[in-house]
Protein chains: 2
Amino acid sequence: MKTKDRIVAAALLLFNEQGESNVTTNHIAAHLGISPGNLYYHFRNKNDIIGRIFLQYADHLRKSFTPVTGPANASSSVWFHYLDAVFYVMWEFRFFYANLNDILHRDPELHRQYLLVQQELAENLQALLRELNAQQVLVIPDEEIAPLSEILRMVVSFWVSYQSAQSLTPHISQAVLYQGVARVLLLLKPYFHPEKGLELATLSAHYQALAAQPSDPFHK
Amino acid sequence: MKTKDRIVAAALLLFNEQGESNVTTNHIAAHLGISPGNLYYHFRNKNDIIGRIFLQYADHLRKSFTPVTGPANASSSVWFHYLDAVFYVMWEFRFFYANLNDILHRDPELHRQYLLVQQELAENLQALLRELNAQQVLVIPDEEIAPLSEILRMVVSFWVSYQSAQSLTPHISQAVLYQGVARVLLLLKPYFHPEKGLELATLSAHYQALAAQPSDPFHK
DNA sequence: GTCTATATGTAGATAGAC
DNA sequence: GTCTATCTACATATAGAC
């Protein structure tokens, strides 16, 4: 593995474990057993490293939330796919969500990219909701699609921050993120087609069980 | 006005206008035309100043969200009271919401107070929802009262942050905060008693109009 | 109570040798 | 590519005079 990639991987690890603002470029270098000067040979600055991580983040969002049309969406497995992807992105990039505004406002170029990705995501999410409406899985009034999709994105984007504010220790467990996933389902609950109550119950039970579980220290 | 109070007032003003992290103790002193040393005569440190502002915040929350029982809640004016209070707290202390985790995690004592206030607020909000249930204004399943109240608090607490992330300029307008109030109503919409549709429509129209309005530069 | 001057601490970043 | 040494910049906080 190239030094450059090792730096990105170490940065992501340390940022997630200790919080982005508590991890300096010196810490990253020390963790890898290289010098600060070497780190600055590979990256212009700390934002440059974060920018690399952001590309992974954007990539994941694009791959996981590209909407698929057709009856596939009527199946329950599609829900697991999307909700697991929500969990994954919250977990894998929790440092980013925990510090979103700091990170964005100190780097206008990154902020621009973020807004583009969010715009795409908003469109994909609305398309998905419309598709689920068409499949009679959900029943959402047309004019509520946009604001509802915005609230869903908002809850996912700030669930990590919210949970961090709720606890004296900054540590974020997988369980509290699954709680966030369960809340997303709760937000959609009033809009589920009456005949899909059983499916919703199954989904809810699944994520609520994960939310109740003590955090797995051997997560990948 | 005592110097100590002038410092608190200036700090709140500058924090809200420029963001807490962009305003140093030196800036506050300069704004008042006093020396940094003088500021530190009145306050032990910056957190100490923020702690004073927090007392105003907590006071407002306690006064505005103490639940009233009885048929008063069936009236539509009670909605305006609570929703206006939501707007006021978001606006008046927007610097705090914009930087919540930074501020809390750098001052454990403040964080403890925050959690106490939030706990109270959560209880008051749940009592209020139960009361509105009893008055047949809302129809919320018992087991959803707690999670719904949590989502409402979460959306209010992070609406400022969310809006800040959505814009390249950190400036927060009154209109976007009224949008947040409108979203709170949207979250409650599925739970409104079918016969209260007209009342909901009136409320929504009111806050959506304020949300659409260009920001008033002469706000009090 | 208020001032001037200065100390402390630290993160981010660079220069130049190897 | 990597190292050591160092610099800059700045916010927080303090000392001691008035």
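Predicted model: local features only at pLDDT ≥ 70, side-chain atom pairs only at ≥ 80, totals over all residues.
1. A sugar or linking oxygen of DNA strand D is 2.9 Å from an N or O atom in the side chain of A:Asn38.

2. Residues are numbered from 1 along each chain as its sequence is written, chains are lettered from A and ligands numbered from 1 in the order in which they are written, and side-chain values use heavy atoms, with hydrogens and water left out.

3. The surroundings of DNA strand D comprise 15 residues, and the closest are A:Thr3, A:Ser35, A:Asn38, A:His42 and B:Asn45. Sugar and phosphate make up 69% of the atoms of DNA strand D that come within 4 Å of the protein. A residue is near a strand if one of its heavy atoms lies within 4 Å of it. H3(A) gives the most to this surface, with four residues. By type, the residues near DNA strand D divide into three nonpolar, 11 polar and one charged. Here Ala, Val, Leu, Ile, Met, Phe, Trp, Tyr, Cys and Pro count as nonpolar, Asp, Glu, Lys and Arg as charged, and the others, Gly among them, as polar.

4. DNA strand C has 14 residues around it, of which A:Asn45, B:Thr3, B:Ser35, B:Asn38 and B:His42 come nearest. Of the atoms of DNA strand C within 4 Å of the protein, sugar or phosphate supplies 68% and bases the rest. A polar side-chain atom of B:Asn38 lies 2.9 Å from a sugar or linking oxygen of DNA strand C, and one of B:His42 lies 2.9 Å from a phosphate oxygen. For A:Tyr40, a polar side-chain atom is 3.4 Å from a phosphate oxygen of DNA strand C. H3(B) provides the largest share of the surface near DNA strand C, four residues. Helices (H or I, at least four residues) and strands (E, at least two) are DSSP runs, numbered from the N terminus.

5. The two protein chains also meet each other: 37 residues of chain B are in contact (heavy atoms within 4.5 Å) with 36 residues of chain A. Together they bury about 3300 Å², 62% of it on carbon and sulfur atoms. B:Met154, B:Tyr162 and B:Leu168 supply 19% of the area that chain B buries against chain A, more than any other three residues. Buried area is the accessible area (1.4 Å probe) that two parts lose on being put together, summed over both.

6. Between chain B and chain A the count is four salt bridges. A salt bridge is a side-chain nitrogen of Lys or Arg within 4 Å of a carboxyl oxygen of Asp or Glu. One joins the side chains of A:Arg183 and B:Glu150 (2.2 Å, N to O); another joins A:Glu150 and B:Arg183 (2.2 Å, N to O). A:Glu150 lies in helix H9 (residues 142-165) of chain A and B:Arg183 in helix H10 of chain B, so this pair joins two chains.

7. Over all chains, the whole structure holds 14 salt bridges. In one of them, the side chains of A:Lys46 and A:Glu20 meet at 3.1 Å, N to O. This pair links distant parts of the chain, 26 residues apart: A:Lys46 is in helix H4 (residues 46-64), whereas A:Glu20 is in the loop between helix H1 (3-18) and helix H2 (25-32) of chain A. A:Lys46 counts as buried at 18% relative accessibility, and A:Glu20 is buried at 1%. Buried means under 20% relative accessible area, exposed over 50%, and partly exposed in between (1.4 Å probe, protein chains only). A:Glu20, A:Lys46 and A:Arg106 are linked in a network of salt bridges.

8. B:Val89 lies in helix H5 (residues 77-92) of chain B and is buried, with a relative accessible area of 2%. Leaving aside residues up to four places away in sequence, B:Val89 touches B:Tyr57, B:His60, B:Leu61 and B:Tyr97.

Note on methods: Polar contact = N/O pair within 3.5 Å; in protein donor to acceptor, adjacent residues only side chain to side chain.
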